[in-house]
Amino acid sequence: MRWAGRRIVVAMVLFAVLAAAATWLTILNESRWDGPAQAIDGDSIRMFGEDLRLKGIDAPELGQLCHREGRPWRCGSAAKAALEKEIRGVITCVGRSRDRYGRALVTCRAGGADIAAALARAGMAVAYGGYEREEAEARDARRGVWASS
């Protein structure tokens, strides 16, 4: 019985060590950017010469037109303008993975506020693997793209 108890303790210690190592490797793989950014379109920015893609949202393409009250409006340009407003000053972005185009997938904050959440809440981006609550809020209030077809 004593040998079985020791095996369990050894297994638990080994598991704890492996879990700690996995956490440490994840932290080491995280990339961080702090500073000014330029909007490329409604869901992508450039910092220090590198293109970064906001994780969890999808904005209209830069040249995309939407229709509101039977008239076209440049929803892609409006999405970029909304992102430009959110990234004024110094922002912080963190990410661990890349998209199929090689851009870092990042979560960015300005003054503690999540930039992608603000865009989804304003109706200038749709949820794409995140921010469903903010999208629903914008859709219910018919803000941004939700006020158009």
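These legends walk through several close-up views of a predicted model. In this model, local features need pLDDT of at least 70 and side-chain atom pairs count only at pLDDT 80 or more, while totals for chains, interfaces and linings use all residues. Residues are numbered from 1 along each chain as its sequence is written, and side-chain values use heavy atoms, with hydrogens and water left out.

**View 1. The whole chain, before zooming in.**
The protein chain has 4 helices and 11 strands. Both kinds of element are DSSP runs numbered from the N terminus: helices are H or I with at least four residues, strands are E with at least two. Of the 149 residues in the chain, 36% are buried. Here buried means under 20% relative accessible area, exposed means over 50%, and partly exposed is in between, using a 1.4 Å probe and protein chains only. Take the contacts between residues at least 6 apart in sequence: 52% of those join residues at least 24 apart. A contact means heavy atoms within 4.5 Å.

The sulfurs of Cys 66 and Cys 75 sit 2.1 Å apart, and both cysteines are buried. Torsion about their S-S bond is about 70 degrees, so this disulfide is right-handed.

**View 2. The disulfide between Cys 93 and Cys 108.**
Cys 93 is bonded to Cys 108, with an S to S distance of 2.1 Å. This pair links distant parts of the chain: Cys 93 belongs to strand 8 (residues 91-98) and Cys 108 to strand 9 (residues 104-110), 15 residues apart. Which hand does the bond between Cys 93 and Cys 108 have? Its torsion is about 110 degrees, so it is right-handed. Both of these cysteines are buried. Counting bonded cysteines along the chain, the disulfide pattern reads 1-2, 3-4.

In soluble globular proteins, nonpolar side chains tend to be buried together. In this model the largest nonpolar core has 31 residues, and Ile 45, Ile 91, Cys 93 and Ile 115 have the most contacts inside it. Such a core is a set of buried Ala, Val, Leu, Ile, Met, Phe, Trp, Tyr and Cys residues joined through side-chain atoms within 4.5 Å. Strand 3 (44-47), strand 4 (50-54), helix 2 (75-86), strand 8, strand 9 and helix 3 (115-121) each supply at least two residues of the core. Helix 3 gives the most, with 5 residues. Setting aside residues up to four places away in sequence, Cys 93 touches several residues, including Trp 33, Ile 45, Met 47, Leu 52 and Val 106.

The largest pocket holds about 190 Å³ of space. Its lining is made up of Arg 53, Leu 54, Lys 55, Gly 56, Ile 57, Asp 99, Arg 100, Tyr 101, Arg 103, Leu 105 and Tyr 128. On a 1 Å grid over the protein atoms alone, a pocket is an open set of points where a 1.4 Å probe fits, with protein on both sides within 12 Å along at least five of seven lines; lining residues have an atom within 4 Å of a point. Grid points are joined across faces, edges and corners, and the volume is the space filled by probe spheres set on them. By class, the lining has 5 nonpolar, 1 polar and 5 charged residues. For that tally, Ala, Val, Leu, Ile, Met, Phe, Trp, Tyr, Cys and Pro are nonpolar, Asp, Glu, Lys and Arg are charged, and the others, Gly among them, are polar. Gly 102 lies in the loop between strand 8 and strand 9 and is partly exposed at 38% relative accessibility. Gly 102 and Arg 53 are 49 residues apart in sequence, yet 9.6 Å apart C-alpha to C-alpha.

Tyr 131 is not a glycine, but its phi is positive, about 65 degrees. It occupies the loop between strand 11 (126-127) and helix 4 (132-141). Arg 142, in the segment after helix 4, also has a positive phi, near 55 degrees. Are these residues buried or exposed? Tyr 131 is buried, at 16% relative accessible area, whereas Arg 142 is exposed, at 55%.

Terms used
Disulfide = S-S within 2.5 Å.
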